[in-house]
Amino acid sequence: MSNMANILTSVRIVCGLLILYFPPFSKWYYILYLLGGLTDAVDGTVARRLGTVTDSGAKFDTAADFIFAVAVIIKLVNAFRFPIWLLIWIALIFAIKTVSVITGLVRHKKLVAVHSLVNKVCGAAVYILPLVSGFDYPREIKLILTAAVSLLASVASVDEFIKVLKGKTIE
């Protein structure tokens with residue numbers, strides 16, 4: 001039982017890697033995506049309830065999130081022909097988040113996380129977007145939804161960066 005949270009986190013990594021082998025929006029894509037999201041939602045809670053929270057577990061969780069997110073992004077970028085402006089915007093959000101992580105490492109000498117309301121709402125929106133992106137509706141609607149989530153992610157990323165700079169983070 002003491003390894004349950006890490007087992008759940010490992011399942012997310014496996015889901016992310018397997019997603020790369022299935023067509024986007026196929027039955028197996030959705031199963032793996034939902035399972036990966038479920039393990040992300042519960043692994044921290046399981047660790048806290050079992051009293052097995054560790055720094056290495058938190059880092060492992062962050063690595064699993066990264067692997068899972070990159071796999072999903074690879075599938076979505078290949079599934080859609082996003083306009084260059086949207087790809088640049090998404091890359092800028094990623095750059096801000098990367099600078100935020102590096103700033104946290106330099107200033108606090110460890111990985112830090114910001115658990116603000118805007119970050120949690122953004123995480124939910126980013127998670128839901130790939131679920132609904134496979135539905136059959138006009139490309140323009142998909143672009144508007146992606147731009148809206150990108151706007152929310154921009155606000156969350158900048159908010160996170162400011163909090164990391166000010167030292168208002170949760171480890």
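Predicted model: local features only at pLDDT ≥ 70, side-chain atom pairs only at ≥ 80, totals over all residues.
Biologist: Thanks! How many salt bridges does a search of the whole structure find?

Modeller: A salt bridge here is a side-chain nitrogen of Lys or Arg within 4 Å of a carboxyl oxygen of Asp or Glu. The search of the whole structure gives 6 salt bridges. One of them joins Asp 43 to Arg 12, with the closest N and O atoms 3.1 Å apart. That pair links distant parts of the chain, 31 residues apart: Asp 43 is in helix H2 and Arg 12 in helix H1 (residues 4-19). Helices are DSSP runs of H or I with at least four residues, numbered from the N terminus.

Biologist: Which other residues does Arg 12 form a salt bridge with?

Modeller: Arg 12 also forms one with Asp 61, where the closest N and O atoms are 2.4 Å apart. Here the chain separation is 49 residues, with Asp 61 in helix H3 (residues 55-79). Asp 65 forms a salt bridge with Arg 12 too, at 3.0 Å between the closest N and O atoms. Asp 65 lies in helix H3 and Arg 12 in helix H1, so this pair ties together parts that are 53 residues apart in sequence. Through shared partners, salt bridges join Arg 12, Asp 40, Asp 43, Asp 61 and Asp 65 into one network.

Biologist: Is Arg 12 buried or exposed?

Modeller: Buried means under 20% relative accessible area and exposed over 50%, with partly exposed in between (1.4 Å probe, protein chains only). Arg 12 counts as buried because its relative accessibility is 1%. Asp 43 is buried, and so is Asp 61, whereas Asp 65 is partly exposed at 27%.

Biologist: Now the rings. How many aromatic pairs are there?

Modeller: Rings of Phe, Tyr and Trp (its six-membered ring) pair if their centres lie within 6.5 Å; planes under 30 degrees apart count as stacked, over 60 as edge-to-face and the rest as tilted. The whole structure has 9 aromatic pairs. Tyr 29 and Tyr 33 make a stacked one, 5.9 Å centre to centre with 10° between the planes. Both sit in helix H2 (residues 27-50), 4 residues apart, about one turn of the helix. Tyr 29 is buried at 0% relative accessibility, and Tyr 33 is buried at 2%.

Biologist: How do I check the span of helix H6?

Modeller: The expected span is 1.5 Å times one less than the number of residues. Helix H6 (residues 139-166) has 28 residues and should span 40 Å, which agrees with its end C-alpha atoms being 40 Å apart. Gly 167 follows H6, and its phi is positive, near 80°.

Biologist: Last one: how many disulfides are there?

Modeller: A disulfide is a pair of cysteine sulfur atoms within 2.5 Å, and the count is 0 disulfides. As for cysteines, Cys 15 is buried at 2% relative accessibility, and Cys 122 is buried at 8%.

Note on methods:
Residues numbered from 1 in each chain as written. Heavy atoms only, no water. Helix = DSSP H or I, 4+ residues; strand = E, 2+ residues; numbered from the N terminus.
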